[in-house]
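Open your viewer and get your selection tool ready. We will walk through this model one stop at a time.

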Amino acid sequence: MKHPILIVGGGIAGLCTAQFLEKQGFSIHLIDCQIIGQGSSRVAAGMLAPVHELEFTETQILKAGLESLQIYKQWESEIKGLIIDRTGTLEIASAAEDIPYLQRQYDFQKRQGLEVYWLESQALQEKEPLISPNIPCGIFAPGDIQIENRPLLKTLKLDLLGKGITLDEHTTLVDWDESRSIAKVVNLEGEEKTIPAAALVLATGVRPVSIAEAPDILPVKGEMIALEKHEGFPLRHIIRIRNRRLGNGYVVPKQHSILVGATSEHMGMDQRNSFGGVMDILRRAWQVLPGLYDLAIQEVYAGFRPAAPNHLPVIQKIGNGRKYAINGLYRHGILLGPWAGREMAQLIQNDLMETPCSG
Ligand SMILES: Cc1cc2nc3c(=O)[nH]c(=O)nc-3n(C[C@H](O)[C@H](O)[C@H](O)COP(=O)(O)OP(=O)(O)OC[C@H]3O[C@@H](n4cnc5c(N)ncnc54)[C@H](O)[C@@H]3O)c2cc1C
């Protein structure tokens, strides 16, 4: 019997890689040191929004994001319980001084052939009446969508279990013997076991992992606030806020809450919320959507975006054996997960077909 591919980390990166490798006919053993889906993928806002996330230097990410959206749309009919919300984004200038940025962004999006519409204040209000009349203009991107990321991780996990993969939660990778392709893992009770594997995939996000040549990943902290949904505040679109003075942010209507985010801080692994972080998030969102003022706070939390030093995804073979890494999905990991998982699975398949396997 062939040894399985061992995937370490059941966030969006590991789960999507497992989906594609399983489809290619590999047997999969997935481990996570926590319950599946408790890492960065849990705290995300779930925006699948390549159009409004587009930055001037990121056309590669745009292409990957658009491909990923297509995979999500296909998965919607293939994976039971996977539901996409076709919300659309309104990217807005908070004040007159933010208009030049938004105008440049709109021209750039148009040049990329994206479907976007420029809306002056009144048209913006007709589309989303909760937006303050003081907001001068915005861009509507109907193709940007979103997903409930917490249920998504559970759905992908259940789907993989249904397809017969092996899953060990609360199990940590401690060592990888490159020459014999054997992993040593330990569970919460301290019991160690060895897993012979055809290949090792590190999908470990921001947690440091003591495996040789694992990629260098920086945690970029994001603070978030979840507000309780209220029928008196029927927000329909994702609102992407451009604000030169207070920094950029967003407000995302989810099924049971309204998410307001997010900071972008280099604070190491300190996961506590800060006075300043929470204040910045609230001020810039309230300026755009004054009705947020009355909503009850459900949760205040923070998480980390896994970033490579160049802020680009890491999907590569590491070392000379059968060790791979998928990481660095940074601020768009939920969006890029399916694309990255497909690329990772393709790389492994090509590689294993070239190198005869003893397992
Ligand atoms: C505030 C915030 C908002 C965001 N909003 C969005 C958004 O709207 N849209 C979007 O596309 N992206 C968003 N992101 C980015 C997205 O959350 C990340 O890019 C993505 O979740 C990274 O996924 P991952 O699988 O690489 O990491 P993770 O989800 O952290 O998964 C890694 C897993 O590996 C496990 N692990 C680590 N080390 C070991 C080990 N040694 N042994 C076993 N298991 C191990 C961990 O327990 C974890 O489950 C946001 C991020 C933040 C912080």
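Start by colouring two regions: 32 Å separate the centres of domain 1 and domain 2, taken over C-alpha atoms. To pick them out, select 5-43 + 150-216 + 310-354 for domain 1 and 89-142 + 218-307 for domain 2; these bounds come from an automatic or database domain assignment. Residues are numbered from 1 along each chain as its sequence is written. You are looking at a predicted model, in which local features need pLDDT of at least 70 and side-chain atom pairs count only at pLDDT 80 or more, while totals for chains, interfaces and linings use all residues.

Now look at where the domains touch. Ten residues of domain 1 are in contact with eight residues of domain 2 (in contact: C-beta atoms, placed from the backbone, within 7 Å). On the domain 1 side, four of these are nonpolar, five polar and one charged. Here Ala, Val, Leu, Ile, Met, Phe, Trp, Tyr, Cys and Pro count as nonpolar, Asp, Glu, Lys and Arg as charged, and the others, Gly among them, as polar.

Next, select the ligand. How many residues surround the ligand? There are 43, and the closest are Gly11, Gly39, Gly205, Gly222 and Gly333 (a residue is near if its C-beta atom, placed from the backbone, lies within 6 Å). This shell draws at least three residues from each of domain 1 and domain 2. Strand β18 (297-307) gives the largest share, four residues. Helices and strands here are DSSP runs (H or I, at least four residues, for helices; E, at least two, for strands), numbered from the N terminus. By class, the shell has 20 nonpolar, 19 polar and four charged residues.

Move on to helix α1 (residues 12-23) and helix α6 (residues 149-162), whose axes come within 10 Å and cross at roughly 30 degrees. Axes are lines fitted to C-alpha atoms, for helices over the stretch in contact, and angles run from 0 to 180 degrees between N-to-C directions. So α1 is roughly parallel to α6 (under 35 degrees; over 145 is roughly antiparallel, 65 to 115 roughly perpendicular and the rest oblique). Show Ile12, Leu15, Ala18, Gln19 and Glu22 of α1 with Leu153, Leu156, Lys157 and Leu160 of α6 to see the contact.

For the last stop, select α3 (residues 59-78) and α8, which spans 333-354. Their axes are 7 Å apart, at an angle of about 90 degrees, which means that α3 is roughly perpendicular to α8. Among the residues that meet here are Ile71 and Tyr72 in α3 and Trp339 and Arg342 in α8.

Methods:
Two residues are in contact if their C-beta atoms, placed from the backbone, lie within 7 Å.
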